[in-house]
Number of protein chains: 4
Amino acid sequence: MVDLIEPDLLLHSLMGQQHQQMINDFGPNLIRLQVTNQIKELQTVIRDRNTSRSDFIFYADRLIRLVVEEGLNQLPYQQHIIITPTGGSYDGLRYEEGNCGVSIMRSGEAMEQGLRDCCRSMRIGKILIMSDEETHEAKVFYAKFPPDIHSRKVLLMYPILCTGNSVMKAMEILLQHSVDEEKVIVLTLFATPDGIHSVLQRHPQIRILTSEVHNVVPLHFGQKYFGTD
Amino acid sequence: MVDLIEPDLLLHSLMGQQHQQMINDFGPNLIRLQVTNQIKELQTVIRDRNTSRSDFIFYADRLIRLVVEEGLNQLPYQQHIIITPTGGSYDGLRYEEGNCGVSIMRSGEAMEQGLRDCCRSMRIGKILIMSDEETHEAKVFYAKFPPDIHSRKVLLMYPILCTGNSVMKAMEILLQHSVDEEKVIVLTLFATPDGIHSVLQRHPQIRILTSEVHNVVPLHFGQKYFGTD
Amino acid sequence: MVDLIEPDLLLHSLMGQQHQQMINDFGPNLIRLQVTNQIKELQTVIRDRNTSRSDFIFYADRLIRLVVEEGLNQLPYQQHIIITPTGGSYDGLRYEEGNCGVSIMRSGEAMEQGLRDCCRSMRIGKILIMSDEETHEAKVFYAKFPPDIHSRKVLLMYPILCTGNSVMKAMEILLQHSVDEEKVIVLTLFATPDGIHSVLQRHPQIRILTSEVHNVVPLHFGQKYFGTD
Amino acid sequence: MVDLIEPDLLLHSLMGQQHQQMINDFGPNLIRLQVTNQIKELQTVIRDRNTSRSDFIFYADRLIRLVVEEGLNQLPYQQHIIITPTGGSYDGLRYEEGNCGVSIMRSGEAMEQGLRDCCRSMRIGKILIMSDEETHEAKVFYAKFPPDIHSRKVLLMYPILCTGNSVMKAMEILLQHSVDEEKVIVLTLFATPDGIHSVLQRHPQIRILTSEVHNVVPLHFGQKYFGTD
């Protein structure tokens, strides 16, 4: 599902040669879903201001599941030889235990159900980041993690990566909990080139997985998904 | 998500050069999901005789959704320019109306919910094929279609394509209903090389989409999914 | 959730004293969901010809789940003392194993997912009844059951019970498979008084569970749910 | 589904005459689900310390949906005459617009998906209450509501009502947003008599809907559902 080399033809007209070059410059730690027509359609519905909330949630959930499936694909697997019902042996793969999800509130919470749809008992932590009323500085107000998060791989969920500030703030608290930078995969639906650059510059070992890299991202996502300000 | 040229590296050791060559010989009408680790894991769980029914259904549903998403990707889209909430215009895609699903009983019915999870009001027809008690010949006993199926694209659902006989029998009744061969996409999870060859030889215009081509296919699929003989 | 004595006040104006009397005359083997406002709303949406297919499926699925939950409630339970996380003991109940679902095609299949939503690995069998082309008599064309169905309780699913003929035909094949009449619970959304009478007269031991008893039932149910003729 | 008068027979042995009396003393603003065998089973699985996380989530989601359905039933409906596909008129009910859900973090969030399963575009707000680090007083740290919440009915979601402090703190912030006390329905799975008394004493107009009133409530709910401390 991943295609770092061949940008989708349909996007060709939207992005000049320079932009495409830039995308490839992010290096191997940016992972993009291959943008097929059906994914492009999901992105279109999510960006469209005339989409009803019911449709928005349905299409967003589909895109989230596809990003989550690819996120799971980035986690470690090990060889697993099983026996089939007819007694044959089959050289398969098994997902390694020891992962968890962490959502950055509020919009990241929209991705929790998608994660559970694919991994029904994955532990899901949560981080709340707000501006301090006095200093106006972004601050972690609340964090709830699995107790052994330092030994787990982390799928960090945040659908719209714009400046990257929230993800970087979330990384601070994760590092304080002894999570290895290289064990974190950011799952995001839409990301800006600047946001990706900022995050990867500060944290060169983490991976970012997104369905689209674009200067304009649908900032209304959380508001529309939950119907709140 | 589609990769016709580069077989997955993990499969490399399983399949000799000859087998790989054969896969590529199916031509452009065989569409294979790119076999990532996570898809390989889903296939492993489905093939494992020790998998509980509850897990079997959960993992099968995940693989079905991925096949359905890629199936939807094969359908026609058209350019669709929308306006974003900030007033910008976005050059997107829209799924073209005029499709339907048809499941071949019984195992194909396991794919109906996955189709509805991705396309909540798609019309879903159904075909029952059984052996005639006297002649022992495969015969269509029951068929229920959207009334205007001749003007629709058809996602023909059958999870295990082994000999290809059921799919070919289903094609007979679809052709009798004036469905164009080239409008049919067979959605299947596991397919044998022989089955694919037989179907494509008889119906060179239809497309077959599968997550794996392998001589051994999990024939216990429907029985385990539904828990019936 | 069951209320055999006190008909809902909202229905009072719709049904004369005579009709109410008749409802109570069905005896203890007719089980009616208590018709609350929210259930009445679900019934209204399903009956409304202006309901979109997407809404129809969503509301039908809600009503189906409520009927299924009450159906599960009719199955046998046994005392089950468990230990809580704080070490206390709790005198609870456990669902007894040994049940299965059977859907009567085609409309009954709409209830399969609802059953799975409540009971994720329940085995689900299926019966196809059609008119013989020559004799025009209703005939079982296809039946697929769990191999040990004779030792199981059966939730027989058919959303619209009108004449009762399909249910009675299904009972014939179940009895041939040595299912005890008293082990069958018919799960239906809408039922006519005549249909209920016919079924209970022929099979006095089976139970019928419905959300509404009314002379007019939404016969378009299966067609609208699946979008086929 | 509501039964204020006749306590379930199965609970009879668990609770003495005195306890039953007390339950009835809560007045009409305490609404209890009728405790059927299947609901008692769901409660048992949730209380059992040996339940796996996967089962816990599945059974909790079922109980949540039943509480949500009854919560929706408590909202206002209006008469709605519709036309059936055969041209008949049907005297039905329609759900009145103007409601929203609000979850109290963290455990209340477990109920959000259940609400969305029944009401797919209902707006869902959120409240975070924590102890102030210095004063140790409970404090609202975060609240996100639909902009027009003052004109909406509110389903306030919190699965385990123990002391009632969180619900009362949540009420403070709701009242500050001009929500009418009488427009609030607390949806909870398990509640203590003391907690109910405290909440109803302070806010006599709000309604509390629960599946069980018991001195011991499963305080591990949120931790087990999400797998975090």
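This is a short tour of a predicted model, going from a sheet to its helices and then to the chain copies.

Let's start with the sheet in chain A. Seven strands form an open sheet there. The order is β1-β11-β9-β7-β4-β5-β6, and the pairing is mixed. As background, strands of a sheet pair through backbone hydrogen bonds, either parallel or antiparallel. Now look at the edges. β1, residues 30-32, and β6, residues 138-144, stand there in chain A. Each has a single partner strand, so one side of each is left without a neighbour in the sheet. Neighbouring strands of this sheet are turned by 25 degrees against each other on average, with direction ignored.

Strand β5 of chain A covers residues 124-131. β5(A) pairs with β6(A) in the antiparallel sense, over six bridges.

Next, two chains together. How are A and B related? Chain A can be laid on chain B by a turn of 180 degrees and a shift of 0.0 Å along the axis. The RMSD is 0.0 Å. The two copies are thus related as by a two-fold rotation axis. The same surface serves both copies, and 100% of the contact residues of chain A recur in chain B.

One place where A and B meet is a pair of helices. Helix α3 of chain A and helix α4 of chain B both cover residues 53-73. Their axes come within 12 Å and cross at roughly 120 degrees. That makes α3(A) oblique to α4(B). The crossing of these two helices is left-handed. Which residues touch? From α3(A) come Arg62(A), Arg65(A), Leu66(A), Glu69(A) and Leu72(A). They meet Arg62(B), Arg65(B), Leu66(B), Glu69(B) and Leu72(B) in α4(B). By class, the contact has four nonpolar, no polar and six charged residues.

On to a hairpin in chain B. Strand β2, residues 77-83, pairs with strand β3, residues 89-95, in chain B. The sense is antiparallel, over seven bridges. In β3(B), Ser89(B) is the bridge partner of Ile83(B). Five residues sit between the strands of this hairpin. In the hairpin, Gly87(B) takes a positive phi near 90 degrees.

Still in chain B, pick out Met130(B). This residue is found in strand β5, residues 124-131. Met130(B) and Val140(B) are 10 residues apart in sequence, and 6.5 Å apart in space, C-alpha to C-alpha.

The crossing is right-handed. α6(C) contributes Val167(C), Met168(C) and Glu172(C). α7(C) contributes Ser198(C), Val199(C) and Arg202(C). The contact residues divide into three nonpolar, one polar and two charged.

Technical notes: Residues numbered from 1 in each chain as written. Chains lettered and ligands numbered in written order. Predicted model: local features only at pLDDT ≥ 70, side-chain atom pairs only at ≥ 80, totals over all residues. Heavy atoms only, no water. Axes fitted to C-alpha atoms, helices over the stretch in contact; angles between N-to-C directions. Helix = DSSP H or I, 4+ residues; strand = E, 2+ residues; numbered from the N terminus. Parallel < 35°, antiparallel > 145°, perpendicular 65-115°, else oblique. Left-handed = near helix turned anticlockwise from the far one by under 90°. Contact = heavy atoms within 4.5 Å. Nonpolar A, V, L, I, M, F, W, Y, C, P; charged D, E, K, R; others polar. Pairing = 2+ DSSP bridges. Least-squares fit on C-alpha atoms with pLDDT ≥ 70 in both.
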